[in-house]
Amino acid sequence: MTSAPVTVTFLGGLGEIGRNCAAIGVEGRIMLLDCGLMFPDADMLGIDLVLPDFTWLREHGDRIEGCIVTHGHEDHMGGLSFLLRDLSFPIIGSALTLGLARNRIEEAGLLDRTELVVVGDNERRRFGPFDCEFIPVTHSVPHGFATAFHTPQGTILHTGDFKLDLTPVDGRLTDLSVMGAIAQNEGVRLLLSDSTNADQHGHSRSETSVGKVLHELFNAHAGRRIITACFASHIHRIQQIADAAISFDRVVATLGMSMRKNVRLAREMGLLRIPDSHLRDIEDVEDLAPGKVCVISTGSQGETMSALTLMAANESRWLKLTPDDTVILSSHPIPGNEMNVSKVIDGLVRIGVEVVHSGLEDVHATGHAKQEELKTILSITRPEWFTPVHGEYRHLVSHARLAEQMGVAADHVLVCEDGDALVLDDDGVRKGPSVPAGYLYVDGSGVGDVGHGVLRDRRVLAEEGVVVVIVTVDVKTGAIITGPEIITRGWVHASEAEGLLDECRHEVVQALKEACAGKSTHDIESLQKVVRRATGRFVNDRTKRRPMIVPVVMEA
Ligand SMILES: [Zn+2]
Ligand SMILES: [Zn+2]
């Protein structure tokens, strides 16, 4: 008897850190697995966010059964508030994950386009043809899941973001026994596993080890005001900061909107214990003795306009930092943010603040499994086929090598990239036809209207500037009626370069005269080309620069 094929389509997160998104296909239906966003690279000028390419999902919108969100990080769920503009489907996840996801969707006014379906630890549940099992994992946000899809083509196990923390803050362990039982009983046909730290040797540190370091720091900095910064979704880190503060009889105040919202949400859900007696509003802490205060702030990634960045620039309306303050950055910059973070540290040091960061003390632990943990997962699940997910290309390749070391047959290790699709059938697992998976840029309120062309223009404008040449021509005679007028930004400073601009005008006049000589009609388009070429040649000859040339030829 043969079984129907099952597909796994990768829409994002394979070949980059962020915009994680995959789609499992069973019996013609689609279950999305995460729908995240990515923060732009420095060369994506003016871009706010980058999303997975939604083309393929839009084409198959009526087949989407739902979206499982593995955990509450933006790179796994931040795309939903955009995809829900076009499509409507339920979102499935742990109570905390959905609580965190809800904020964004509500802000976008799209709550009525979805249903939030809470699933619990180790729950096994059917959604249409999808038989899903939700397995607890430890990570840098509580209540994350690995997901087992029990399909007609065997079990697909997706780890989600995870680490193997044996002493997590909340005692909720990655459930290796369930993964082992699946491997033992039915076998794991295909393992999809987090590769973020696949090129890091050893084992990640336990989150609780950070608590001990924080405690020592609070002891060493007694009497000084302490400001800490960490991810607003890192509830366990917030807990440990609060615990250290309270044990030294400090009150805790949050700073930054997402920190305030998440602390409120996690306290309501019973996932964060800070007694009312030790919580203050940020506006009330300026009057308290410095040694009695601990502020927990956003901005650990040096994000512009974030609370910490504003404090470092002396522009915070809540806190004015002084040499009597200590700032603890309980974080590590994610790739691309290093420069912003070092600028923030520089600003703080300039004020005279004492700064503690992960380069000086062990005030951060990664949320992602390193090589020894990845090997443990491979040895427990003993997958027949393996595809590394979540990571840049080098991370995926490192992880693929680990899998081979751990005994997965080399031809059963499939390194995929965004847009690749795997087909599982009775003969094995192979790559099927690929789907569109380019970058979908968000800029302001626009999604997808800024593409490669606009970005190329922005790069030229940013690096070389622009020269606009305006000239009015009589199309019958070819005579210049007004102009040429030359306006530039970013090429030369006009008021200091009058001579150069005069020469440029002269070049344009000459070129137009030559082009029009002996002709009876003059079409605007070819005159525009003449102006562009003459200006471009002059600018390049005289200054060796290549600004954008915009010729504006009007007919009189
Ligand atoms: Zn992630
Ligand atoms: Zn994550």
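View 1. At 36% relative accessibility, Phe231 counts as partly exposed (buried is under 20% relative accessible area, exposed over 50%, partly exposed in between, with a 1.4 Å probe and protein chains only). Phe231 sits in the loop between strand E13 (225-229) and helix H7 (235-247); helices (H or I, at least four residues) and strands (E, at least two) are DSSP runs numbered from the N terminus. Together with Phe39 and Ile334, Phe231 forms a nonpolar surface patch with about 270 Å² of accessible area. Patches consist of residues with over 30% relative accessible area and no salt bridge, with nonpolar side chains (Val, Leu, Ile, Met, Phe, Trp, Tyr) joined within 5 Å and like charges within 9 Å. Accessible areas come from the Shrake-Rupley method with a 1.4 Å probe.

The model is predicted: local features need pLDDT of at least 70 and side-chain atom pairs pLDDT 80 or more, while totals for chains, interfaces and linings use all residues. Residues are numbered from 1 along each chain as its sequence is written, chains are lettered from A and ligands numbered from 1 in the order in which they are written, and side-chain values use heavy atoms, without hydrogens and water.

**View 2. The salt bridge between Arg225 and Asp325.** The side chains meet at 2.7 Å, N to O; a salt bridge is a side-chain nitrogen of Lys or Arg within 4 Å of a carboxyl oxygen of Asp or Glu. Arg225 lies in strand E13 and Asp325 in strand E17 (residues 325-329), so the pair ties together parts that are 100 residues apart in sequence. Both residues are buried.

**View 3. The salt bridge between Asp346 and Arg350.** The N to O distance is 3.7 Å. Both residues belong to helix H10 (residues 338-351), four residues apart, about one turn of the helix. Asp346 is partly exposed, with a relative accessible area of 45%, whereas Arg350 counts as exposed at 70%.

**View 4. The largest nonpolar core.** This core has 34 residues, and among those with the most contacts inside it are Leu32, Phe54 and Ile91. A nonpolar core is a set of buried Ala, Val, Leu, Ile, Met, Phe, Trp, Tyr and Cys residues joined through side-chain atoms within 4.5 Å. Elements that each supply at least two residues include strand E2 (21-26), helix H3 (80-86) and strand E22 (440-443). Helix H4 gives the most, with five residues.
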